[in-house]
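Subject: Handover of a structure, with notes on what was found

Dear colleague,

Please find the structure below, followed by an account of what was found in it.

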Amino acid sequence: MNDIYKKLEMCLKSVRTKTDFQPEVALILGSGLGDYADGIQIEQTVDYTEIEGFPVSTVAGHKGRFVFGYVGEVPVVVMQGRVHYYEGYPMSDVVLPTRLMGMMGAKKLILTNAAGGVNFDYKPGDFMMITDHITTAVPSPLIGPNIDELGARFPDMSEVYSLRIREIIREEAKKLGISLREGVYAQLTGPAYETPAEIRMCRSWGADAVGMSTACEAMAARHMGMEVCGISCITNLAAGMSTKQLDHKEVQETADRVAAQFKALLTAIVSNI
Ligand code: HPA
């Protein structure tokens with residue numbers, strides 16, 4: 001059996017010794033949204049450190065856990081803290097939690113993140129519904145022997161972000177009075193922010209926003225047939241687009257400023273998905 005699949009099965013077994021909760025929707029929380037999981041009707045939590053084989057960050061104070069519970073009537077699993085490629089894990093480990101949530105039973109995946117705005121029309125605090133992505137600048141999580149148990153060797157990626165869910169997101173944002181951008185997300189490795197030249201490259205490639213996560217998770221989820229959607233919080237103008245230097249503090253401050261709106265939108269999406 002494929003080594004990565006073996007590890008996934010080991011992780012699943014480990015989770016199943018703690019809970020047999022069957023999620024329908026999986027959520028990955030980006031910057032500023034971490035405490036969304038604390039506000040749902042929690043049934044059970046499982047720390048990443050409790051899961052045998054799970055990629056656990058060695059960085060002090062980096063907590064992470066799966067939260068199982070309900071948003072309204074909908075059973076969900078929420079990742080409170082994600083795994084980033086820049087932390088040093090192989091891509092197969094970066095997407096392991098996503099695949100694991102799929103193997104737990106989640107059929108739909110909602111991805112969120114903080115991102116830099118590449119499109120000159122965007123401003124900090126905007127929300128962008130992801131319509132497509134560019135992963136050319138990071139290794140594919142599907143490289144290596146194919147995991148036949150999960151999906152095809154050459155999976156189609158022509159509709160990574162579900163048109164059906166995109167329509168729901170549009171409607172729910174409108175009902176909440178949240179103005180929503182729609183655009184293409186480009187994933188780069190980080191951890192350094194990009195250079196102005198890299199941002200010009202992203203723009204010429206057709207990207208509207210740039211970040212260090214998400215697209216690889218979306219790709220792994222689509223490989224295994226999950227229905228995917230994603231929303232970025234534009235926390236800053238990307239490098240070279242303003243006179244300001246980029247710093248993590250600004251990213252966090254903007255994400256925190258609009259977190260309440262973002263959470264309301266998430267609840268509306270989960271309830272109607
Ligand atoms: N670049 C990459 N990732 C990011 C940015 C950015 O400007 N802002 C938030 N995450």
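Before the remaining findings, a note on conventions. This is a predicted model, in which local features need pLDDT of at least 70 and side-chain atom pairs count only at pLDDT 80 or more, while totals for chains, interfaces and linings use all residues. Residues are numbered from 1 along each chain as its sequence is written, and side-chain values use heavy atoms, with hydrogens and water left out.

Cysteines

Zero disulfides turn up in a search of the whole structure, a disulfide being a pair of cysteine sulfur atoms within 2.5 Å. For C216, the closest cysteine sulfur is that of C202, and a bond is ruled out because the separation is 15 Å. C216 has 2% relative accessibility and therefore counts as buried; buried means under 20% relative accessible area, exposed over 50% and partly exposed in between, with a 1.4 Å probe and protein chains only. C233 is likewise buried, at 2% relative accessibility.

Overall form

The protein chain contains eight helices and nine strands. These are DSSP runs numbered from the N terminus, helices being H or I of at least four residues and strands E of at least two. Along the principal axes, the C-alpha atoms fill a box of roughly 50 × 40 × 40 Å. Of the 273 residues in the protein chain, 56% are buried.

Two strands pair if DSSP finds at least two bridges between them. β1 pairs in the parallel sense with strand β4 (residues 74-80) over four bridges, and L27 stands opposite V78 in β4. β1 also runs parallel to β5, joined to it by four bridges; there, A26 has L109 as its bridge partner.

Helix α3 (residues 96-104) is mostly covered, since nine of its nine residues are buried. Among them are R99, T98 and M104. After α3 comes G105, with a positive phi near 125°.

Backbone details

Most residues other than glycine have a negative phi, and most peptide bonds are trans. T214 is not a glycine, yet its phi is positive, about 70°. T214 sits in the loop between β8 and α6 (215-223) and is buried, at 0% relative accessibility. The peptide bond between G190 and P191 is cis, with omega about 0°. P191 belongs to the loop between β7 (180-187) and α5 (196-205).

Pocket and cavity

The largest pocket has a volume of about 890 Å³. Of its 36 lining residues, G30, S31, H84, Y86 and H248 are the closest to its centre. On a 1 Å grid over the protein atoms alone, a pocket is an open set of points with protein on both sides within 12 Å along at least five of seven lines, a cavity is a set where a 1.4 Å probe fits but cannot get out, and lining residues have an atom within 4 Å of a point. Grid points are joined across faces, edges and corners, and a volume is the space filled by probe spheres set on the points.

At least two lining residues of the largest pocket come from each of β5 (108-117), β8 (209-211), β9 (227-237) and α7 (248-257). The lining of this pocket comprises twelve nonpolar, 17 polar and seven charged residues. Here Ala, Val, Leu, Ile, Met, Phe, Trp, Tyr, Cys and Pro count as nonpolar, Asp, Glu, Lys and Arg as charged, and the others, Gly among them, as polar.

One cavity of 30 Å³ or more was counted. The largest cavity holds about 60 Å³ of space, and its lining includes I4, R99, P141 and H223. By class, that lining has six nonpolar, two polar and two charged residues.

With kind regards
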